[in-house]
Amino acid sequence: MIDDKKVLFSGMQATGTLTIGNYLGALKNWLTLSEEYECFYSVVDLHSITVRQDPAELRKRARALLTLYIAAGLDPKKNCIYYQSHVSAHAELAWILNCFTYMGELNRMTQFKDKSAKHADNINAGLFTYPVLMAADILLYQADVVPVGIDQMQHLELTRDVAQRFNAIYGDVFTVPEPYIGKVGAKIMSLQDPAKKMSKSDENPNASVYLMDDPDTIMRKFKRAVTDSEACVRYCDEQPGIRNLIDIYSASTGKKPEEVEREFEGKGYGDFKLAVGEAVVDVLRPVQERFAELEKDKAYIDSIIKENAEKAGYYAQKTLRKVQKKVGFPEKIR
Ligand code: TRP
């Protein structure tokens with residue numbers, strides 16, 4: 001609890017360009033949470049280097065992501081938006097938690113298996129202990145809730161296990177976090193293969209709509225989106241392509257799937273795809289405009305980065321000091 005509010009923690013990686021999936025599925029939902037929770041949103045750059053990165057590119061993307069959080073409408077005075085690498089307590093707590101996590105637990109992580117298959121030439125120890133760093137992120141702030149996608153649920157379960165294990169030995173040190181399942185948990189799928197999640201690292205550029213795509217590109221991608229063969233706009237399992245487009249349209253306009261079906265009754269896929277494209281262009285426009293403005297205001301963004309790193313550092317240190325004492329590290333002499 002911070003000032004009578006429950007604490008919420010989440011993070012995103014600055015690898016790849018953010019898609020409308022990240023926006024409609026995550027960021028947009030975050031906007032509604034800052035009244036109810038004390039929110040920490042981190043750009044998790046320590047996680048990013050588990051895969052080889054170009055340094056200049058990583059720096060640029062991390063800053064763009066942080067700017068985007070603000071452009072999307074998160075008030076940086078109310079939400080602590082910061083770089084993970086600016087708060088060294090993340091790495092320090094991760095080390096300690098490494099000593100309370102079993103190899104067997106990490107071996108079971110499906111994301112580790114997937115990523116090692118994908119990066120067979122660089123299966124480093126950081127990739128293996130990635131979930132422990134994630135646990136450190138969450139536990140440092142004594143987070144009560146963590147909004148995560150289904151793909152991160154296993155990591156959150158591990159976080160809970162490690163927290164409980166630690167608490168069982170040392171007393172109540174960590175808050176055991178709960179997953180936060182959003183009301184409109186829009187899971188946006190690839191436009192080219194609706195069986196796959198829309199991904200910021202898809203090789204096919206037509207599969208994903210990026211947050212910074214211009215209107216023409218967005219319209220073109222929706223026109224090319226794969227559809228089905230029933231030739232009607234109906235929300236059902238037999239039409240995964242259309243269902244995905246309905247989800248995107250719903251998340252963009254706030255209309256329910258049934259309303260969307262009614263709106264397009266008797267109309268073909270072509271008309272519908274155009275409408276979805278236009279709806280997405282409309283939702284993204286203000287975010288893109290605000291991003292362009294913010295990007296120019298270097299001094300403002302810098303001040304946010306500094307202030308929030310200090311704020312995050314304050315809370316993180318509090319937990320870290322407690323943990324260091326519990327495990328038996330000597331008190332610093334001041
Ligand atoms: N692993 C998460 C992802 O790739 C990002 C992340 C890092 C995270 N630390 C976190 C998410 C803590 C929630 C809480 O999506």
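## Interface of domain 1 and domain 2

Eleven residues of domain 1 are in contact (heavy atoms within 4.5 Å) with ten residues of domain 2. The model is predicted, so local features need pLDDT of at least 70 and side-chain atom pairs count only at pLDDT 80 or more, while totals for chains, interfaces and linings use all residues. Residues are numbered from 1 along each chain as its sequence is written, and side-chain values use heavy atoms, with hydrogens and water left out.

The bounds come from an automatic or database domain assignment, which gives 7-186 + 298-327 for domain 1 and 215-292 for domain 2. Taken over C-alpha atoms, the centres of the two domains are 31 Å apart.

Buried area is the accessible area (1.4 Å probe) that two parts lose on being put together, summed over both. Between domain 1 and domain 2 this area is about 890 Å², and carbon and sulfur atoms give 80% of it. On the side of domain 1, Ile-20, Leu-24 and Ala-71 lose the most area to domain 2, together 49% of what that side buries.

Two kinds of polar pairing were searched for across the interface.

| Pairing | Cut-off | Found |
|---|---|---|
| Salt bridge | side-chain nitrogen of Lys or Arg within 4 Å of a carboxyl oxygen of Asp or Glu | zero |
| Polar contact | pair of N or O atoms within 3.5 Å; within protein, one able to donate a hydrogen and the other to accept it; residues adjacent in sequence only if both atoms are side-chain atoms | one residue pair, both at pLDDT 80 or more |

Helix H1 (20-30) and helix H3 (55-71) are the elements that give two or more residues to the side of domain 1 that touches domain 2; helices are DSSP runs (H or I, at least four residues), numbered from the N terminus. H3 gives the most, with five residues.
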